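Please consider the following structure together with its sequence.

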Amino acid sequence: MVMHPTRTDATVLVIDDEPEIRHAVHSALRSTVARVLDAADARSALATVKAQTPDLIILDLGLPDQSGLDLCRAIRAHSLAPIVVLTARHIESDKVSLLNAGADDYVTKPFSTSEFAARVAAQIRRARTARPGTSGTVEADGMSVNFTARRAHRDGNPVRLTPIEWAILRALTADPGRVYTHQQLFDAVWAREFGDARQYLRVHITNLRRKVERDPTHPRVIITEPGVGYRFGIPLTQETA
Amino acid sequence: MSVVLWYGLLILATVVMHVARDTQQSQAHVVLVYLLVVLGGSVSGGRPLGFTLAAAATILVSYYFQYPFDEFSLGKPIDAIVLSAFFATSGTTTYLLVRAQEEASQARAHAEEIERLSNEAGHAAGLREAARFKDILLASVSHDLRTPLTSIKALAQDAADAGDANSAIIVAQTERLSKMVAHLLDMSRLNAGAFPVTIELNTAEDLVGAAVLEMKGTKGAERIRVDIDYSAPMLVGMFDFVESLRILTNLLDNSLLYAPGNTPVELSATRVGDWLQFSVADRGPGVPTADAERVFEPFYRHISTSSTVHGTGLGLAIARSLAEAQGGQITYSAREGGGSVLAVRLRAARESSFQFEE
């Protein structure tokens with residue numbers, strides 16, 4: 001049967017004006033987290049964020065009293081807890097602007113409960129893990145990257161990377177598992193450059209994958225988030241399916 | 001036509017005034033009558049007719065109506081001044097009149113152009129407004145349909161996890177319904193006219209990897225085989241990543257649905273001239289050659305198809321529209337040894353090499 005991720009002692013806040021969705025979220029997370037709090041509008045959501053300091057926030061768009069984007073920014077002013085956005089397909093631009101505004105991940109409705117629970121658990125784990133910073137070693141799926149020594153290994157074998165590939169890896173591994181939008185990666189890698197260089201992001205990613213992935217057809221180190229950006233780490237999509 | 005008419009009038013005026021020449025008629029009357037004829041000619045015949053009438057009238061005034069009559073000689077010096085004044089006046093008025101006419105017609109043309117443009121601008125604003133309204137409507141329909149689906153799916157999954165067999169069926173049916181909703185929304189977006197695409201430099205590998213990842217969890221996804229040569233230079237194209245991903249997943253869905261349960265579905269990417277070609281090949285029943293185009297019609301279904309196959313009937317139609325929206329193509333062909341090949345062609349990048357320094 002479907003395995004649920006290990007249950008944590010975490011508190012999750014779900015912000016949604018539809019009671020049915022809140023109920024579905026409760027049901028999906030019952031075996032994953034200790035407590036699920038509810039908020040039906042932006043005002044009570046902000047109050048709960050300040051008073052209860054949840055470990056993770058699930059934000060549905062289309063609240064009656066405030067845009068999701070504004071609420072996302074407002075939450076970010078008070079909390080560093082991961083924000084997972086519930087979204088519909090068709091609106092990639094919404095996902096991108098929410099991620100640029102500080103959201104960490106998104107789940108498309110109607111979601112699979114196991115996938116949803118896996119993503120929530122992964123985001124909670126990610127938030128509790130110390131950031132590798134610039135000195136540590138980052139590992140994923142047999143790939144290990146050390147930024148201090150500027151060395152990368154694939155299953156123990158050294159891998160040669162270009163300066164831009166190092167910059168992309170550094171940007172993605174600053175927060176493994178977090179989705180970085182194309183814009184955020186452009187800014188991190190080509191901060192002081194304008195013009196043509198940026199259009200090659202996807203080409204660099206593809207080159208990088210050929211070096212760091214065991215099987216580039218089934219990427220597990222650098223994951224594509226279609227229309228949105230990339231993330232570093234094990235694919236979270238349908239892990240348990 | 002107008003040449004004959006106005007010269008006719010010139011002759012008629014000359015005859016009439018000639019008959020009345022010996023009565024009380026003054027030279028001023030003659031000049032005014034001729035001037036009228038010259039102006040009329042200019043209005044209807046433009047500069048050439050105006051100037052020639054003016055010249056002819058000058059000659060006629062001189063010959064018939066200045067003393068001594070019926071010969072070209074000037075009796076008094078004032079007659080020479082009158083004659084040249086008449087010629088200058090008729091020439092100038094002809095010139096001014098024609099210019100005024102031209103300016104008037106230009107102004108009219110401008111006015112018409114402005115009216116046409118403002119109508120178009122109004123129309124464009126209307127279209128924009130309609131597109132915005134359509135987006136809001138689709139977003140709202142999408143939201144309204146997804147909310148119950150999300151709720152049903154989550155609760156059924158919960159019950160299915162607890163071992164309830166009926167709930168497992170509810171989950172599967174909800175997924176089917178979700179796909180139908182997605183396809184209907186895609187279809188209405190495509191049919192609503194201007195379909196925005198984001199054409200960017202993208203790689204075939206990235207797209208194929210994303211398609212395989214997205215298919216994970218779909219029934220039969222483990223049958224997908226990918227054929228890409230990772231030792232060859234990467235394939236780079238100019239296409240919309242999200243819409244192209246929808247094309248590939250629609251094609252894979254279609255093949256997994258119709259090809260028998262144990263046969264592989266092969267996804268490959270190659271460069272063919274100026275195109276990147278993505279092919280999805282299966283060992284399904286295929287369709288008769290005559291139906292090769294019809295498979296892209298909405299709700300096309302080959303008669304031999306078992307009624308237990310639950311497609312939406314829209315996947316390939318959407319795939320074709322999405323390919324064409326970004327300047328690509330999609331074709332069906334029978335596969336050698338049985339089965340189908342659906343080939344999508346998207347524009348390849350102009351550059352052929354993408355090597356960067358280490």
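Predicted model: local features only at pLDDT ≥ 70, side-chain atom pairs only at ≥ 80, totals over all residues.

Residues are numbered from 1 along each chain as its sequence is written, and chains are lettered from A and ligands numbered from 1 in the order in which they are written.

Chain B is divided into domain 1 (1–194) and domain 2 (200–347), with bounds that come from an automatic or database domain assignment. The C-alpha centres of these two domains of chain B lie 51 Å apart. Seven residues of domain 1 of chain B are in contact with six residues of domain 2 of chain B; two residues are in contact if their C-beta atoms, placed from the backbone, lie within 7 Å. On the side of domain 1 of chain B that touches domain 2 of chain B there are three nonpolar, one polar and three charged residues. In this classification Ala, Val, Leu, Ile, Met, Phe, Trp, Tyr, Cys and Pro count as nonpolar, Asp, Glu, Lys and Arg as charged, and the others, Gly among them, as polar.

Two packed helices are described by the angle between their axes and the distance between the axes. In chain B, helix α6 (residues 241–258) packs with helix α7 (residues 315–325) at an angle of about 155°, and their axes are 9 Å apart. Here helices (H or I, at least four residues) and strands (E, at least two) are DSSP runs, numbered from the N terminus. Axes are lines fitted to C-alpha atoms, for helices over the stretch in contact, and angles run from 0 to 180 degrees between N-to-C directions. α6(B) and α7(B) are therefore roughly antiparallel to each other, a term for angles over 145 degrees, whereas those under 35 count as roughly parallel, 65 to 115 as roughly perpendicular and the rest as oblique. Residues making the contact include B:I247 and B:L251 of α6(B) and B:L322 of α7(B). By class, this contact of α6(B) with α7(B) has eight nonpolar, three polar and three charged residues.

The contact between the chains takes 43 residues from chain B and 44 residues from chain A. On the side of chain B that touches chain A, α3(B) gives the most, with 14 residues. That side of chain B has 21 nonpolar, 12 polar and 10 charged residues.

In chain A, four strands form an open sheet in the order β6-β7-β8-β9, with antiparallel pairing; two strands pair if DSSP finds at least two bridges between them. β6 (137–140) and β9 (157–159) of chain A stand at the edges with a single partner strand each, so one side of each is left without a neighbour in the sheet. The twist averages 25° from one strand to the next. Four bridges join β6(A) to the antiparallel strand β7 (residues 143–146) of chain A, and A:A140 stands opposite A:M143 in β7(A).

Another open sheet of chain A has three strands in the order β10-β12-β11, again with antiparallel pairing. Its edge strands are β10 (179–181) and β11 (222–225) of chain A. β11(A) pairs with strand β12 (residues 229–232) of chain A over four bridges, and A:I223 stands opposite A:R231 in β12(A). Helix α7 (residues 182–189) of chain A lies across β10 and β12 of chain A, running at about 75° to β10(A).
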